[in-house]
Structure formats: C-alpha cells, structure tokens
Amino acid sequence: MQGKQGTRISDDVLKAIFAGLAGNEYALDGARNYYADNGDAYHYEFWLAGKDATEKLNNFLKANNGVKYGDPIKVTYTATLTWGAAKSTANDKTPASQKTAEELNLAYKTGTDTGLRYDSVTVEKIPNMSDDMIRGVDISSYQSLINAGVKFYNFNGQEASLFKVLKDAGVNWIRLRLWNDPYNAEGLGYGGGNNDEESLVKMASEASQYGMKILVDFHYSDFWADPAKQPLPKAWKNLSSADLTKEISLYTSKVLNDLKQAGADVEMVQVGNEVTNGAFGIWTDRDHGGNWATTWESDQGNQVAKYLGTASAAVRSVLPNAKIAIQLETPNISKYRSIMTVLKNNNVDYDYLGTSYYPFWSTHDGNSWYDNIDLGYGASTPINLEAIEKMAWREFGKKTVVLETGWINNVNDADGTGNSISVNDEIQAYSHDPQGQVNAIEDMYKALVAQGGVGGFYWEPAWIPDKAGWQNWDYNKKMSDVYGTGWASKNAVGYAPDSVMYYNGQPTWGGTTWDNVALFDDQGHPLQSLNVYKGMLEGYKSPEQEKSVLNSVVTKIWNNTDVKPNDGLVTGKALDDKEFLNASVSKLLSGESNQVIGQEALTQIANQLSNGISSPIYEAANGAKYHYVYWLEGDTNRVGEFVNDNKDAKYGQPLTAKYSATVVVDAEPGVQEVTSPISIRVSKVWNEVGGKQVALTDPLKAGEQITEGIDQSLINTNSVKQLLTGAQGTNISTATLAKLKENLPQNITGTADYKTADGNHYYYDFWLDSVDSNNTKYGEPVTVNYTASLKWAKKDMVTGEN
C-alpha cells in the first residue's frame with residue numbers, strides 16, 4: 001500500500017489489497033474474550049460485508065473508489081458472536097520438529113506460526129576460517145518485498161532492517177542482481193524483484209550503511225539470465241556486434257559510477273550470470289537439450305568471451321580495486337576447464353572463478369577423477385568443489401568464490417506458488433530442516449577453507465511470501481503483478497520465453513518459489529540456521545528449550561443433586577492432564593530454559609485454559625448416571641487469579657490451575673443412554689488445481705453427504721463419542737457441540753482416487769468448516785461440515801510402443 005502521496009491507487013492494487021484481507025473465505029477471529037453469566041467464553045468472528053466473494057469485492061472497490069496513497073483504506077466487516085475463547089498463539093514456541101503433520105499443514109495453509117524459527121541448531125567452529133572470508137547472501141528481492149509491506153524481525157521478535165539482522169548474524173557481504181530494463185511497454189514490472197538500477201542503488205546504499213561489502217551481479221538482460229536463457233535487453237536486441245560492445249561498456253561504467261556516487265561499497269563485480277551456456281543473447285537452452293559445448297567450443301564462445309572482456313574492462317576503469325568474477329554452474333572439471341580456456345585465450349581479465357553450488361540439483365552427475373581422487377557423483381559436493389578449486393588455481397591462477405548456494409528448511413509451500421525444491425525432489429544430502437541448512441553451508445565452507453577459496457553467497461535467504469499461507473495464493477500472485485515480489489509476474493509474458501512462463505499451457509508465474517530455502521520463516525523471523533555465519537567463526541548452539549507442566553487440581557466440589565458420587569473425587573486431587581491440557585495451552589508452555597514466563601504469556605495461557613470441561617460419565621450406586629463439569633476458580637477474575645498464582649514461574653517449572661467441580665446428572669436410574677452418530681457433509685468444493693478447473697466425471701458437490709472416500713476413524717474417536725453420548729431424547733448443548741468441533745481433525749486427506757481422461761489422478765483435501773447446531777438430540781445424527789479442495793496426486797506413466 002505504498003506509493004507516491006496524492007496519486008490514485010489503481011484497481012489492480014486495490015484488488016491485491018482485498019485479496020489479502022481476512023474475512024472472505026475464512027473468518028477473521030477476534031482476539032478479545034467475552035464471558036456469559038455461567039462463565040462460558042465467547043469471541044467474535046468478523047466477515048467482510050457481502051453475501052459472496054464477488055459482492056464483498058465490489059463493496060470494497062466502491063468504498064475506496066478514487067482513494068489516493070496516504071488516504072485511509074475503508075473496510076467494512078460484520079461481526080458474529082461465537083462460543084469459545086479467542087485463540088491466541090502469540091507465545092507458541094513449539095518447534096516445527098515437535099508439531100504434528102496436521103498442525104504444520106494448518107500453519108502453512110493459514111500463515112500462522114510454523115514453529116520453524118524455534119528449531120534448534122548446532123554450528124561447529126571451522127578451523128582456520130578467517131574473519132574476512134566472504135560470508136555473503138544475495139537478497140535481491142528485498143526492495144520489492146519492502147515496497148509491498150513485508151516486514152522482517154530480529155531474533156527478539158522486534159521489527160528490524162533486514163541488513164541489520166544479517167549483519168548481527170555475521171553476514172559481511174551482500175550480492176545484488178541487476179537487470180537493464182525489467183518492465184514492459186506499459187511500465188509494468190516483470191517481477192523477480194524488478195531489479196532495476198534504482199532498486200540496486202537503494203539496497204547497496206543501505207547495506208553499506210551497515211558496513212557490508214557489495215557484489216553487483218550484471219545479468220546483461222531485462223530479466224532472468226541463466227543456463228536456460230540469456231536474452232539480450234530489449235534496447236540491445238538489434239544492435240551490431242560493434243554497437244553492442246559499446247553499449248556493454250557504457251552501461252557497465254554508468255551503473256558503477258552511479259553506485260560510487262551514492263557511496264555504495266562495491267568491492268566485487270560479476271559480469272554475466274551463470275554463463276555456462278552463453279551470454280549476451282548467444283546461448284543454448286540447457287533445459288531443452290542445449291549443451292554448453294555448442295557455445296563454447298565454437299566461434300560463439302569466442303564472441304561471448306570478448307563481450308565479457310569488454311564488461312571486465314569497464315569495471316577496471318571505474319573500480320580498479322574491485323574484484324571481478326565470472327560465474328559458471330553445475331560444477332564439472334572438464335566443462336569448467338574448457339570454458340576457462342576460452343576465456344584465457346581471449347585475454348578476459350577477471351580475478352575469481354565463480355560457481356553455483358546447489359546440493360539438491362544434478363545429484364547423479366558423474367565427476368570422473370582429479371588429482372588421483374575419484375570425485376564420485378553429484379555436481380555440488382564438497383569433494384567436487386575442492387577439485388574445482390584446485391583446478392582453477394593450478395591451471396589458471398584463479399581463486400574460487402561460490403556465488404550461489406542454498407538448502408531447504410522444510411518441504412512445505414508457504415505462499416501457494418509451488419517450490420523449486422519439493423518433497424518429490426531428490427534431497428537426501430542433508431536433513432530438511434534448519435540444522436540441514438547449517439550442515440550444508442558448513443560443508444561448503446570447509447571445502448573452501450581447505451583449498452583457499454574466498455567464500456560464498458547464499459542465494460535469496462529472505463525471499464519470503466508477501467503474505468504467509470498457501471490459502472493466500474491469490475493475494476501473493478496479485479502482489480507479484482503489482483510490486484514484482486514473486487519469481488515472475490504476468491507482465492513478463494512476451495519477453496521471458498514461453499517455456500518458463502507456461503507449463504502444459506497453464507501460467508506458472510506467481511509468488512516466490514524459494515520460501516522453503518530461506519533462512520527466515522514465512523513471516524519474516526530469522527531461523528536459527530542464520531546464526532551459521534557467526535557460528536562458523538566462534539561456534540554456536542541454540543538456547544535450550546524447556547516445557548512447563550500444567551497441574552490442574554480440584555479446590556471445591558459442588559453437588560446440589562440427590563446423587564451420591566462414588567468415583568473417588570476429593571478436593572486437592574490432581575486431574576488428568578489429558579483432559580485439561582488442550583492443544584492451545586500446550587503450545588504456550590515452551591520457552592528458553594530458566595526464563596520467567598511473564599504476565600503476557602501467563603495471560604494468554606489463562607485465556608486458553610479448558611473451562612466448563614466435562615468428565616467421563618460415572619454410574620452411582622443407585623444406577624444414576626452423572627458427570628462433573630470443571631470450572632476455573634475466580635469467576636470473572638479467573639485470568640488474574642491464574643496469573644497471580646504463577647507469577648514467578650519459569651519455563652520448565654510446573655504451573656497450577658485451580659478448578660471447582662459441579663455434579664451434573666445425566667440420567668436417572670433406568671433411562672437409556674445413547675451415542676449420536678456423525679454425518680459428514682461437504683459445505684464448499686474447489687475443483688481447481690493450479691488455477692485451472694479440473695473436469696472430473698463425478699466430482700464432489702456442495703451439500704453432498706460423504707459416506708466413502710474419507711477415513712471415518714479419524715473422526716469417530718473415543719473423545720468424540722464421549723461428547724456425543726447422553727440420555728436419549730435430550731438436547732445436545734451448544735457448549736458440547738463447540739467442544740466437539742475442538743476435538744475434530746482440522747484437516748483430513750481423502751482416500752478416494754479421481755482419474756481424468758488424460759491419466760491424471762486427484763484426491764480431495766478436507767478442512768473443517770462448522771458443526772450444525774439445530775436442537776439435535778442425543779441419538780440423532782450430528783452434521784459436521786468440511787470444505788473440499790481438489791489436489792493433484794500423480795499421472796499414469798505412458799509406455800512407448802515397440
């Protein structure tokens with residue numbers, strides 16, 4: 001929502017803002033609790049005003065027609081009072097590694113805390129590693145993210161400049177890419193950060209303020225240049241070789257002079273980006289059968305080398321002390337030697353061999369032998385990297401710098417645009433968590449230290465979603481179109497090759513594809529793995545986490561019935577944790593060892609404590625059925641009483657919750673007790689996958705009852721059956737139905753297989769929506785509503801004919 005003050009906000013931007021508002025498909029839960037006379041807690045759910053999504057959008061656009069940057073944005077909500085305490089997990093410090101699959105799925109869907117930032121790591125000190133070794137990162141997407149309103153935080157949870165967070169963690173270099181003109185004819189950005197010169201100067205200047213050195217990565221293109229494509233800038237497309245040479249020199253000199261005038265500390269320049277298959281409009285497409293040798297073992301290679309030499313000479317003229325790097329990718333001794341030979345034969349002036357190093361790609365490449373060592377398989381392995389370093393130094397006198405690397409922190413998607421590295425890829429080299437990132441980075445640096453390498457850069461460790469949660473895919477896609485925050489926007493069509501903008505005829509542009517390779521979580525908090533940069537110099541271990549135990553005890557028993565309980569409950573008795581420790585409370589009990597829990601966290605715990613919980617049903621000596629209802633002591637001041645009782649507690653120490661118990665008669669002697677069955681109904685259905693409607697022969701329909709295709713045992717648990725058991729013919733209370741919803745699974749993966757004519761297989765993901773409360777009596781079916789989202793599973797393999 002940032003823009004030039006006084007200028008009108010376009011409808012495209014307003015639609016992007018609307019897509020990010022809660023209360024459209026999912027309610028915005030209020031944070032305040034309201035209490036009835038009987039002690040029941042309620043909170044409000046807020047919905048955007050309108051009967052459906054279209055009307056809600058039209059209402060929003062109408063309310064903000066003509067609004068300008070700097071004016072307030074108007075949003076109208078309706079409010080619905082809902083039984084149950086407001087859910088707050090602001091102090092949920094449960095590590096992702098300790099969450100259930102269901103909890104993680106829900107967090108990555110909705111954008112709530114995944115717990116990834118609480119996963120601990122251990123970093124070994126690397127012997128002989130110097131403080132001036134390059135410990136760099138490429139954060140080229142940063143400016144576009146900031147323009148879109150994305151925030152970053154330090155390890156204390158405080159909003160902070162990304163550059164300061166990186167500096168404090170031990171990062172000393174910043175790599176920034178540059179595209180000549182990343183905009184279409186209408187001035188709309190291609191995405192991927194919209195990395196023009198203006199954003200480059202702004203980011204480089206800010207980094208320099210924190211004492212960080214800058215590497216400028218010239219792509220010499222208007223958008224991505226890599227082994228699959230090296231398109232010339234639009235303005236250079238029809239130039240002769242002589243004129244192109246002049247433009248390369250003039251452009252390189254201009255940008256570097258502008259950076260010098262801005263006070264940016266540029267100490268390394270990269271001419272060309274991953275030029276293994278060519279550059280400057282001369283290339284073979286690696287991803288579609290092209291081979292590096294086609295370019296470099298022909299006159300084309302000599303021409304590319306001459307252009308690189310021109311760029312290098314321009315760097316030397318403006319920044320004579322800056323180092324120059326030329327970047328190749330997919331390390332291979334023979335390939336690198338051949339290309340470096342062409343560079344040498346054409347007298348290209350450069351200092352460092354730059355290489356990409358991604359342990360999750362090219363894992364089956366054979367590396368042959370070097371220096372009497374079998375290099376094994378996998379392009380990006382420590383042993384192969386060391387061999388590349390030896391070859392570059394011994395045969396060409398060039399030291400090596402890793403210009404791109406990365407490893408995954410998990411396999412989940414956080415923004416609705418598929419990840420470059422997913423669960424289906426071959427990612428066995430390291431664990432899929434922050435510790436795996438640490439291990440991958442340290443192994444690379446050990447190889448660099450061993451052979452005198454100058455250091456490395458982690459690629460895009462802060463490329464996170466505009467808004468966390470894959471359910472927010474539409475918002476993230478729209479923000480990418482407006483601010484360029486995703487890997488590509490719709491505006492790149494026509495410049496970027498169709499082979500990367502479409503897959504099977506469907507658009508591929510959208511949000512970031514790198515969120516699970518970041519060193520930050522999807523909300524902008526640094527992961528513990530970011531501490532690797534300081535830890536490699538001095539060692540590091542994450543603070544120990546401890547979890548407190550909640551002791552629930554009975555302080556009073558109220559019995560105004562003629563039933564005489566015989567279950568053994570007495571005052572002072574500890575209650576079963578399994579009944580009283582709900583998931584919301586459990587998540588709030590973990591923290592750093594020996595740290596005082598504090599009033600804020602205790603207040604949140606108190607607000608989430610189970611209240612009005614029913615015990616199992618007992619049978620008295622006369623045959624009557626009864627149970628207890630447990631109420632927190634303190635009435636309207638129960639939160640304050642709980643906080644006061646535990647005010648000095650530290651994480652790891654027990655907390656106490658005091659309850660009274662009220663006897664409730666379920667059935668007089670001789671009355672039949674029954675259990676209501678559950679009826680599952682589909683409330684909403686989404687049959688779109690990747691933005692395309694899938695034509696199923698027999699798709700699910702809204703309002704349909706589900707009897708097959710879902711594992712009923714996940715729903716009909718013992719706790720659910722107990723809640724739905726009572727005296728036949730009596731009404732099931734609203735409180736019981738609300739408790740039922742808490743005990744039902746939030747997400748269930750369907751078991752039915754749906755196959756289309758083209759051989760693709762799909763299944764439905766079910767998400768809990770609501771429980772009907774229409775005076776249902778014990779013994780009658782209780783209707784539970786789930787939404788259904790179609791997901792792709794696999795495609796049949798086609799066997800070729802003999």
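Let me begin with a question: how far does the backbone nitrogen of Arg 135 lie from a polar atom of the side chain of Asn 172? It's 2.8 Å. Before I go on, please keep in mind that this is a predicted model.

So, staying with Asn 172. You'll find Asn 172 in the loop between helix H5, residues 162–168, and strand S7, residues 173–178. Its relative accessibility is 12%, and because the cut-off for buried is under 20%, Asn 172 counts as buried. Besides the Arg 135 nitrogen, the Asn 172 side chain also reaches the backbone oxygen of Met 133, at 3.0 Å. And if you leave out neighbours within four places in sequence, the contacts of Asn 172 include Asp 131, Asp 132, Ile 134 and Gly 136, plus Met 212 and Lys 213.

Eight strands close into a barrel, and the order is S6-S7-S8-S9-S12-S13-S16-S17, with parallel pairing. Going from one strand to the next, the twist averages 25°.

S6 and S7 are joined in the parallel sense over three bridges, and Val 137 sits opposite Ile 174 of S7. On to S7 and S8: that's six bridges, again parallel, with Arg 177 standing opposite Asp 217 in S8. Then S8, residues 213–218, runs parallel to S9, residues 266–271, with five bridges joining them. If you want a landmark there, the bridge partner of Leu 215 in S9 is Met 268.

H12 has 17 residues and spans 24 Å from first C-alpha to last, close to the 24 Å expected at 1.5 Å a residue. Among the buried residues of H12 are Val 438, Ile 441, Met 444, Tyr 445 and Leu 448, and Gln 437 and Glu 442 belong on that list too. After H12 comes Gly 452, which has a positive phi, near 75°.

How many of the six residues of S7 are buried? Six of the six, so S7 is largely enclosed by the rest of the structure. Trp 173, Arg 175 and Arg 177 point one way from the strand, while Ile 174, Leu 176 and Leu 178 point the other way.

Arg 175 brings me to Glu 404, as Glu 404 touches Arg 175. Glu 404 is in strand S16 and is buried, with a relative accessible area of 6%. Other residues that Glu 404 touches include Asn 273, Glu 274, Thr 355, Phe 457 and Trp 459. Which side chains make polar contacts with the Glu 404 side chain? Gln 327 is one, at 3.1 Å, and Tyr 358 is another, at 2.7 Å. For a sense of scale, Glu 404 and Gly 366 are 38 residues apart in sequence and 21 Å apart in space, C-alpha to C-alpha.

Last topic, the aromatics. The structure holds 38 aromatic pairs, and I'll show you two. In one, the rings of Tyr 44 and Phe 46 have their centres 6.2 Å apart and planes at 40°, so that pair is tilted. Tyr 44 is partly exposed at 28% relative accessibility, and Phe 46 is partly exposed too, at 27%. In the other, we meet Tyr 358 again: the ring centres of Tyr 358 and Trp 361 are 5.0 Å apart with planes at 70°, so the pair is edge-to-face. Here Tyr 358 is buried, at 6%, whereas Trp 361 counts as partly exposed, at 35%.

That's my tour, thanks.

How values were computed: Residues are numbered from 1 along each chain as its sequence is written. This is a predicted model: local features need pLDDT of at least 70, side-chain atom pairs count only at pLDDT 80 or more; totals for chains, interfaces and linings use all residues. Side-chain values use heavy atoms; hydrogens and water are left out. Two strands pair if DSSP finds at least two bridges between them. Helices (H or I, at least four residues) and strands (E, at least two) are DSSP runs, numbered from the N terminus. Axes are lines fitted to C-alpha atoms, for helices over the stretch in contact, and angles run from 0 to 180 degrees between N-to-C directions. The expected span of a helix is 1.5 Å times one less than its number of residues. Buried means under 20% relative accessible area, exposed over 50%, partly exposed in between (1.4 Å probe, protein chains only). A polar contact is a pair of N or O atoms within 3.5 Å; within protein, one must be able to donate a hydrogen and the other to accept it, and residues adjacent in sequence count only if both atoms are side-chain atoms. Contact means heavy atoms within 4.5 Å. Rings of Phe, Tyr and Trp (its six-membered ring) pair if their centres lie within 6.5 Å; planes under 30 degrees apart count as stacked, over 60 as edge-to-face and the rest as tilted.
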